[in-house]
Amino acid sequence: MRALVTRLDSFGDVLLAGPAIRAVAARADHVTVLCGPLGAHAARLLPGVDDILVWDAPWVGFTPAPVGRGEVEQLIDTVDADTALILTSFHQSPLPAALLLRLAGVAHIAADSVDHPGSLLDVRHQRAPHAHEAEAALDLAEAAGFPRVDDGRLRVLPPPGTTGLTGPGPYVVLHPGASVPARAWSRQRCAEAVRELAAAGHRVVVTGGPGERRLTAAVAGVHGLDLGGRTDSAELAGVLAGARAVVTGNTGPAHLAAAVGTPVVSLFAPVVPAERWQPYGVPYVLLGDQGAPCADSRARNCPVPGHPCLESVTAQDAVAAVEKVMVAT
């Protein structure tokens with residue numbers, strides 16, 4: 001049986017699909033992950049994946065690609081699967097993907113759907129209310145005939161050693177960036193946290209992508225080690241795996257930290273529900289006002305002046321949370 005697992009969103013979304021992908025891999029002869037450009041790096045880290053098909057779906061992302069007949073026809077011609085699992089967030093519809101997979105000849109398609117799917121789905125599953133995204137994916141896989149085969153925690157392939165980047169000895173990671181501004185702690189607060197963590201005796205490593213080098217340099221200052229733009233996805237996994245704790249917003253590295261078993265201090269803006277997106281399967285502390293006016297707005301930019309949901313969190317709060325999650329391990 002050739003199986004296709006579709007998750008068309010970003011890096012963290014694909015990581016959260018990992019437990020469901022392992023369940024599919026336990027019963028399928030070949031597993032392809034169909035993902036978007038932002039999720040491809042995560043898909044390459046996941047156990048159970050035999051092949052990756054990257055497609056920039058025009059209904060996904062912050063700057064979606066235009067609808068192109070040629071691109072759609074190429075996808076339809078490329079897909080080769082007997083059965084498919086379409087994983088989506090609780091607020092997304094699987095039906096556009098289901099239509100294309102049906103046109104590609106996929107005989108059995110399963111997805112969570114609140115909309116009537118007509119002949120597009122063979123398994124129309126209803127996710128449990130308030131389910132975490134990782135749990136919802138596992139539940140759908142089971143409904144499609146792929147029961148869970150392990151503890152269901154997030155997992156990635158063994159990362160490389162990164163002592164050459166971090167230096168020897170224990171450290172805490174602070175990752176200041178986020179996929180959208182509404183989910184990020186301010187640069188000032190992050191820099192204060194680096195200083196306070198260093199003053200409390202912690203060695204601090206600051207991580208970020210190639211486009212975040214100015215941010216990580218400003219946050220690290222003279223008290224932290226700046227690794228901004230110096231790690232690929234696998235190396236970042238290694239850096240996070242070596243940390244005693246990771247301080248970050250609701251963004252991909254929070255889920256990558258969970259996938260390597262590292263406790264997380266989650267600076268969680270409530271623009272999306274924490275119950276669905278909080279760090280999964282590891283000790284964590286959630287910081288941020290979950291009852292702020294922006295709650296459940298899915299806003300990309302904070303609609304409330306001063307970003308109070310996260311700016312109310314102090315550097316001292318972060319230090320106390322770090323020490324709490326380290327004790328919990």
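Colleague: Leaving aside its neighbours within four places in sequence, with which residues is Val24 in contact?
Modeller: The model is a predicted one, and contact here means heavy atoms within 4.5 Å. Once neighbours within four places in sequence are set aside, the partners of Val24 are Ala3, Val5, Val31, Leu85 and Phe146.

Colleague: Which elements give two or more residues to the lining of the largest pocket?
Modeller: The largest pocket has a volume of about 1,500 Å³. It is lined by 50 residues, of which Ser10, Phe11, Leu38, Phe62 and Ser179 are the closest to its centre. The elements that give two or more residues to this lining are helix H1 (11-16), helix H10 (233-241) and H11.

Colleague: How many charged residues are in the lining of the largest pocket?
Modeller: Divided by class, the lining of the largest pocket has 20 nonpolar and 22 polar residues. The charged residues in this lining number 8.

Colleague: Which residues are the closest to the centre of the second largest pocket?
Modeller: The second largest pocket has a volume of about 170 Å³. Its lining divides into 3 nonpolar, 8 polar and 3 charged residues. Of the 14 residues that line it, the closest to the centre are Phe90, Gln92, Asp112, Ser113 and Val114.

Colleague: What is the volume of the largest cavity?
Modeller: The structure holds 4 cavities of 30 Å³ or more. The largest cavity has a lining of 13 residues, with Leu8, Trp59, Val60, Thr88 and Gln92 nearest its centre. By class, this lining comprises 7 nonpolar, 4 polar and 2 charged residues. The space in the largest cavity is about 90 Å³.

Colleague: How far apart in sequence are the parts that the salt bridge between Glu133 and Arg7 ties together?
Modeller: The closest N and O atoms of Glu133 and Arg7 are 3.8 Å apart, and both residues are buried.

Colleague: Which residues are linked with Arg7 in a network of salt bridges?
Modeller: A search of the whole structure finds 14 salt bridges. One of them joins Asp13 to Arg7, with the closest N and O atoms 3.5 Å apart, and both of these residues are buried. The residues linked with Arg7 in the network are Asp9, Asp13, Asp112, Arg127 and Glu133.

Colleague: Which residues of H6 are buried?
Modeller: An α-helix has 3.6 residues a turn, so residues three or four places apart point the same way. Just after H6, Gly145 takes a positive phi of about 100 degrees. Within H6, the buried residues are Glu133, Ala134, Ala136, Ala137, Leu138, Leu140 and Ala141.

Colleague: Where is His130 found, and what is its phi?
Modeller: Most residues other than glycine have a negative phi. His130 is found in the loop between strand E6 (123-125) and H6. Its phi is positive, near 70 degrees.

Colleague: What is the relative accessible area of Arg298?
Modeller: Arg298 is found in the loop between strand E12 (284-287) and helix H13 (308-311). Its phi is a positive value near 55 degrees, in a residue other than glycine. Arg298 is partly exposed, and its relative accessible area is 44%.

Note on methods: Residues numbered from 1 in each chain as written. Predicted model: local features only at pLDDT ≥ 70, side-chain atom pairs only at ≥ 80, totals over all residues. Heavy atoms only, no water. 1 Å grid on protein atoms, 1.4 Å probe; cavity = no way out; pocket = protein on both sides within 12 Å on 5 of 7 lines; lining within 4 Å. Points joined across faces, edges and corners; volume = space filled by probe spheres on them. Helix = DSSP H or I, 4+ residues; strand = E, 2+ residues; numbered from the N terminus. Nonpolar A, V, L, I, M, F, W, Y, C, P; charged D, E, K, R; others polar. Salt bridge = Lys/Arg side-chain N within 4 Å of Asp/Glu carboxyl O. Buried < 20%, exposed > 50% of the residue type's maximum accessible area, 1.4 Å probe, protein only.
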